Amino acid sequence: MGQSLGQRLSALGWQCGSVIPESLYADIETLTRTGYRAPVRPEPADWLVVLTQSCDLVAGTLDQEPLIEILWCRSIPQPRAQFRDLRSTRRLDFRPNRQNHPEAVLSAHAAHDRYTVPRSTLELSQPRTDRALSTISVRRLQAWLALRYSRPAWPNEFVQRISSVHDQILNALETVARDDIAEVRIALAPFDMELDQSQAYHVLVYFVVDEAVWNSAPDSRQRIHAAFGSFVSALRRCTGIYVDQESSVLSGAQFTWQQMQITDPWNFANLTWRE
Amino acid sequence: MSLGDAVLWGCDALPISTYRSSIVMTGTGAPDHAPFFLKRCLVHHWYTTPVESGVGWVYEVQDKIPALCQTAPHILLWQRWAYEINDLWRVVLHERYGAGTSSVPCTAVESAPAAGQIRADRLAQIQSAFGFSLQDLARVLGISRAQLYKWLDSQREIQLHEDSRNRLNQILELASEWRRLSSVTLNTFAHEPVPGASDIVALMSQLELDMATLRLALHHLAARTTPRTTTEQLRERGFRRRPSANSLPSDA
């Protein structure tokens, strides 16, 4: 009994983060010529990356997973501050493999640069052996794509009201995002209405601290408390924003499932209106 | 207004870049004692605790003061002294921000922590030790929660009353004491009885703080064994938190 398609692709070395070789470019171009947008024509420095999860990539039969998703990542000189580290859900500037390609920097657009092609296309060749995304880059790409669909959609009016403190909020968030020691969660009331100028958005802010940090790392706690003060103060300076008095810094052991239900994580991608 | 009053006032109301004028306006005093008096102000009123992360540079300035006294014994005027202090700030800022350059960029001087930032840093330092709710923190500081929100705002210029400043310093002192005694937050023991009160928050909320009793209470609580949390027990069995996207190194 012969190998399944999935087994053959696995044997060729295909996995999430593999890079498509130039020998397949002509086929890919043909397959992506849809008429309503430009087909894939990568430059030599560009990377054509397989985005599909490895387990789906090696699924046994074609009808289980007929298509794979690829991302056309274009080479750029430097990552731009507003597009790196998941700050924008629309565009990502990233380093594909710091260890093996320290100079390489790529940029991809979530809408324009994603394509699907038949999975069988990959059977025609091995992935590039001189280029592959690092594990970190694969995780970053996956988190970026997930964020596009999972981030909370806030009322435009709320976003507008806090736009004057954009930089202070970014600074405060960067302090706690570093080292993954805390998560900023907020609840908004109302979360689904555009209010007029006479009404205020009610905001509840929690900085939830990893329990290990809470119990044993006073210096990190100090950093988090300072960031909380900056973050809440910045919000309080905005017209039409009321910060709830229950806002606080909490240990993860104290933060309840109920509080999680009424809050959303706040991250850089929530602030992408300035693109 | 004495020199000390001016420095204290400047600490709470003025950014670093205007310290010089606040000192100049103090008028005459006892110039011979100025360096020591000013050093005392720096140490005891700006930061009453040992060097913590992010505030060490204040000590770098005060460490240089004795050397200044030896090299510039001719200082006879407050104004001259004020210029010398300003130069010291610049030297320290230069060492921190502008190694290899001959002058400190104005932006570095302007970005030196303003009084509001110092106040916010102190509150963060207190909370790193105590981990109180904002309601309890306001109680122990003897202010309203609305007032506490104003204190937390580093961009707000507030002139603290002497009573408030003293209270803040006392609480900061207790926070430092607790950090020396334990790495867990004091809030872990917030509901434990302590000698002299039902719990530590009640003891710290009294109108007049009895520092000796409070220190005793802190030592009493520090001697307690921190119970292992469920998460800690699970971690010992191999369960780990899955790293979030935030843990990815920056692509800067």
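## Salt bridges, strands and a buried Asn

Over all chains, the salt bridge count comes to 19. Keep in mind that this is a predicted model.

**Chain A at a glance**

- Chain A is built with nine helices and ten strands.
- It runs to 275 residues, and 54% of them count as buried.
- If you take the contacts in chain A with a separation of 6 or more, 76% come from residues 24 or more positions apart.

**Strand pairing around strand 2 of chain A**

- Strand 1 (residues 47-50) of chain A runs antiparallel to strand 2 of chain A, and the two share four bridges. Here A:Leu48 has A:Trp72 in strand 2 as its bridge partner.
- Strand 2 of chain A also pairs with strand 5 (residues 114-118) of chain A, again in the antiparallel sense, this time over five bridges. Look for A:Ile68 opposite A:Val117, which sits in strand 5.
- Strand 4 (residues 106-109) of chain A is another antiparallel partner of strand 2, with two bridges between them. In this pairing, A:Arg74 stands opposite A:Ser107 of strand 4.

**A salt bridge within chain A**

- A:Asp93 and A:Arg80 form a salt bridge, with 2.7 Å between the closest N and O atoms. This one links distant parts of the chain: A:Asp93 is in strand 3 (residues 91-94) of chain A, while A:Arg80 is in the loop between strand 2 (67-75) and strand 3, 13 residues apart.
- Which side of that pair is buried? A:Asp93 is, because its relative accessible area is 0%. A:Arg80 comes out at 32% relative accessibility, so this arginine counts as partly exposed.

**A salt bridge between the chains**

- The side chains of A:Arg237 and B:Asp153 meet in a salt bridge at 2.4 Å, N to O. A:Arg237 is in the loop between helix 8 (218-236) and strand 8 (241-243) of chain A, and B:Asp153 is in the loop between helix 9 (145-152) and helix 10 of chain B, so the pair joins two chains.
- B:Asp153 has 7% relative accessibility, so this aspartate counts as buried. A:Arg237, with a relative accessible area of 31%, is partly exposed.

**A salt bridge within a helix, and a network**

- B:Asp136 and B:Arg139 make a salt bridge through their side chains (3.8 Å, N to O). Both are in helix 8 (residues 134-141) of chain B and sit three residues apart, so about one helical turn separates them.
- B:Asp136 is buried at a relative accessible area of 18%, while B:Arg139 counts as partly exposed at 42% relative accessibility.
- There is also a network: A:Arg84, A:Asp85, A:Arg140 and B:Asp251 are joined by salt bridges that share partners.

**B:Asn187, a buried loop residue**

- You'll find B:Asn187 in the loop between helix 10 (162-181) and helix 11 (200-204) of chain B.
- Why does B:Asn187 count as buried? Its relative accessibility is 19%, and buried means under 20%.
- Neighbours within four places in sequence aside, B:Asn187 is in contact with B:Phe130, B:Gly131 and B:Phe132, and also with A:Gln254.

Conventions
Residues numbered from 1 in each chain as written. Chains lettered and ligands numbered in written order. Predicted model: local features only at pLDDT ≥ 70, side-chain atom pairs only at ≥ 80, totals over all residues. Heavy atoms only, no water. Buried < 20%, exposed > 50% of the residue type's maximum accessible area, 1.4 Å probe, protein only. Contact = heavy atoms within 4.5 Å. Salt bridge = Lys/Arg side-chain N within 4 Å of Asp/Glu carboxyl O. Pairing = 2+ DSSP bridges.
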